[in-house]
Amino acid sequence: MKIREKTSSEVAFNRDYGKTVGEITSLKPRIECRNVNVYYGEKLAIQNVSLDVGCNEVIALIGPSGCGKSTFIRCLNRMNDTIIGCRVTGDIIMDGKNIYDNGVDVVPLRAQVGMVFQKPNPFPKSIFENVAYGPRIHGLVASKAELEEVVETSLRRAGLWDEVKDYLHQPGTSLSGGQQQRLCIARTIAVNPEVILMDEPCSALDPIATAKIEQLIDELRVHYTIAIVTHSMQQAARVSQRTAYFHLGRLIEVGETAQIFTNPRHQLTEDYITGRFG
Amino acid sequence: MNSLDSALSPPRTVDAVLASLPKRRRAEQRFRAYGLTSIVLGLCFLAILFGSIITKGYPAFRYTTIGLDINFDPQIVDPEGTRNPSIMAAADYDALLKASLSALFPDVKERTQKRALYGLLSSSASDTLRSVVLNKPDIIGKTERIWLPADDAIDMLAKGQFDSSTVESEGRLKSQLTWIEKLEADGRIKKAFNSTFFTKGDSREPESAGIWGAVVGSSFTLLVTLVLSLPIGIAAAIYLEEFAPQNRWTDFIEVNINNLAAVPSIVFGLLGLAIFINFFNLPRSSPLVGGLVLALMTLPVIIIAGRSALKSVPPSVREAALGVGASSMQTVFHHVLPLATPGMLTGAIIGMARALGESAPLLMIGMVAFIVDVPTSINQPATVLPVQIFLWADSPERAFVERTSAAILVLMAFLILMNGTAVYLRRRYERRW
Amino acid sequence: MSETQKSGSSVKAEGHTVKRFDGELSRLQLRVLEIGGLALSQLKDALHALKHKDLVLARKIAPRENELDLLEVETDADIVSLIARRCPVGGDLRLVMSVSKSVTDLERIGDEAIRIANIALQIYGSGSIDPSDHMLRDVNVMGSLAVDALEKVLHAFDKLDEASALEIIEAHRQLEEEFEAGLRRLLTYVMEDARNIGFAVSMVLIIKALERIGAHAQNLAEYVIYQVEGKDVRHQTSS
């Protein structure tokens, strides 16, 4: 029960924060990231991040703006590929293979690792088409009846079916913000991915829509592995089992959510979650 | 006390705002006045332009015809009674006209006067008679009132385009005026719709000159332009915007496309002359070459419009598609392109409208030639509307002035139609997201 | 806890971004000290009254309890509103929790002090013969131990001094031992002279109260440790 005095280097920003505090590994890892660095051109956006995303768990990534949490989550399905000058080093292992290896096709990867974005972005097509798009392009369904079934299941899982079942051929953009986001989640799960990445999915939503999405995340955990980036610490505390705190491109601390929010072990984490950043 | 108060209480913002308010309001009102004035001025110029073109061009859509009782003398039309079309076509219809006119004005005896009398009618009047006979051979041997086109000068006279001083100075016109008055009194002068103007090719005679040849030439030229520039332009735009890697090469290409859009159109004409006509030996004055040149000119416009339409598609749509695992090609063709289509089409149509109104490069490749025949293929010599306008504007005949304006009206009608289509397409297919 | 990277959260490098939050938290902390101070003076007065047979002082103690109760109620209301509005997490959450519990313990200490004062009134007010100083010895020893523990724990709470909090927890054992020894001693007095029995019962009640106060002080020390360390050290058999 001895407490080491915090050294000055741990206080100072932009210096070495030491190794990530807490257990980066997971009992049943789905994606294993080791020593991941991301560069935007010459700028180092993420430095030496190692983290497991475990099966059937919700891991929340929190941290101040520009800390690299979105960048990190976008590495997991290689959405960063679309950004010019973005370079990723290190290992992101899924099913024993580094997803950044040469010759890895992003199409099956993204079918396996779906993504929900910050702003609800349904296609400007009908609700049905929005959900049907993924299964159709991946050839997951053989017949129209099967497709309809997939659409219904996905919408049901996203908790949207009862609200939209009579308007399936209305444009998806005519829905409210919260419904649109749930439509996007339905679109993602229609492909039946194994991992769902969510990049601040509730930042544009009101509290009630947010609560619905959070409830949905909790239900989806049974079937999927979910990594969620959020600016709302309360949300991270509510939905996740594990929480990872990023600061200036580094993973500072990761641990059980309850532990992070009652007794963070790193001073930076404590300062962030209690609102002490100037 | 007062000064003490003011020293104690800090100055209130609202006082400063109120003090500066009248000045700001005046500045705003002045600015509004400037704006309104410029708009009114612009509208005035537009009204003057349209007014002058319409008032000048409108009469050209109607044409003066003279009703003459023609005796279709079998001796002249078909002496042998075979009803053979070739014989009937070769008959001397001028004789019939002259006979009819002489019968109307028996007191005209002098040679020059007679020529002036016959000059009341257009030289194409005999052609009209011929076609009447060929269409209806039964008419031979009968006398019927046929409406025949007047000479262009008579047309002008009847429309009141000549003022009295012109009439006074020309003796021939003076005597013709009296005949016209007599014909008018007899109810033999009628203004009819000028179908010649819309159905015939160019002619040295204003009364038989039409824009159909130019319209067909323009259509062929635009067809070639459209077929070439639209697919190439859109494909180039999609490739450059969605697939091309960003490196020095693509930057270089982009800069050059932008430069190309700013190149004066006559340079494209020179290029067409040098390459298509001199090097490839394609037929001069043909819509094919014209279309090629205009396609070159339109291409950068379509590429730039296409790229900006693609750029304006929100990246969230691309992310959404990529996020569910669509390949880049599927992303572009399923999601981005449908959203960009209205913008791309608008750009293409506006480029086409520019091509339709273009004359300078076509002058360089010889489309300025005088061509009477209506072209039937893209290889035949042809002219286009703007060049036709240019040619007519150059002609000395008084009657060509109104035809020039009328042709401008037709050209503008096409341009408005095309721009209207562009607006309609954008409205129709534009989706909100 | 070798990998622990931070020191006690008592000394923050910088305050909350929301300054008022800082104010509210420190006010809570001050409240505990205030209530603690009150409880401490109640206890001291009660012991003083008992030792010096000061009936006037002993009578004053019970009415002052109201003040303490009022403070407790106010503090609870503050805590509820702070949780509702600020959603404290991390060290802030631990502080709020430990304040909430500390207040309860301190209020109990106040109650025990009244109990002692009432017994003093009973003993001296009944007109019976004064007890022997021998029998008061245990009360005095335990009283000073309890006062000491309470003072120390309030100091530890103020400074978030984990080390002294640990000492207090250790020290509580001494008080318990004293309590048991006192019980035995009082029993011998009773066996010696049955007339002592009434007085001895009062003494037992007093040392029991003091023992409870010690236990509350121990709880307070545990809250200090929880607040600093995030570890719950209650109900652990310390070796």
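In this predicted model, the C-alpha centres of domain 1 and domain 2 of chain B are separated by 46 Å. Domain 1 of chain B spans 61-193 and domain 2 of chain B spans 212-429, with bounds from an automatic or database domain assignment. Between these domains, five residues of domain 1 of chain B are in contact with four residues of domain 2 of chain B, a contact being two residues whose C-beta atoms, placed from the backbone, lie within 7 Å.

Chain A meets chain B through 21 residues of chain A in contact with 17 residues of chain B. On the chain A side, two or more residues each come from helix H3 (106-112), strand S6 (113-116), helix H4 (127-138) and helix H7 (177-190) of chain A. H4(A) contributes the most, with four residues. Helices (H or I, at least four residues) and strands (E, at least two) are DSSP runs, numbered from the N terminus.

The class composition of two contact sides is tabulated below.

| Domain 1 of chain B, touching domain 2 of chain B | two residues | one residue | two residues |

Ala, Val, Leu, Ile, Met, Phe, Trp, Tyr, Cys and Pro count as nonpolar, Asp, Glu, Lys and Arg as charged, and the others, Gly among them, as polar.

The model scores are ipTM 0.84 and pTM 0.76. Chain C has a mean pLDDT (the predictor's confidence in each residue, from 0 to 100) of 85, with 90% of its residues at 70 or more. In residues 1-13 of chain C the pLDDT is below 50, and this stretch has 34 contacts in the model beyond near neighbours in sequence.

Residues are numbered from 1 along each chain as its sequence is written, while chains are lettered from A and ligands numbered from 1 in the order in which they are written. Local features need pLDDT of at least 70 and side-chain atom pairs count only at pLDDT 80 or more, whereas totals for chains, interfaces and linings use all residues.
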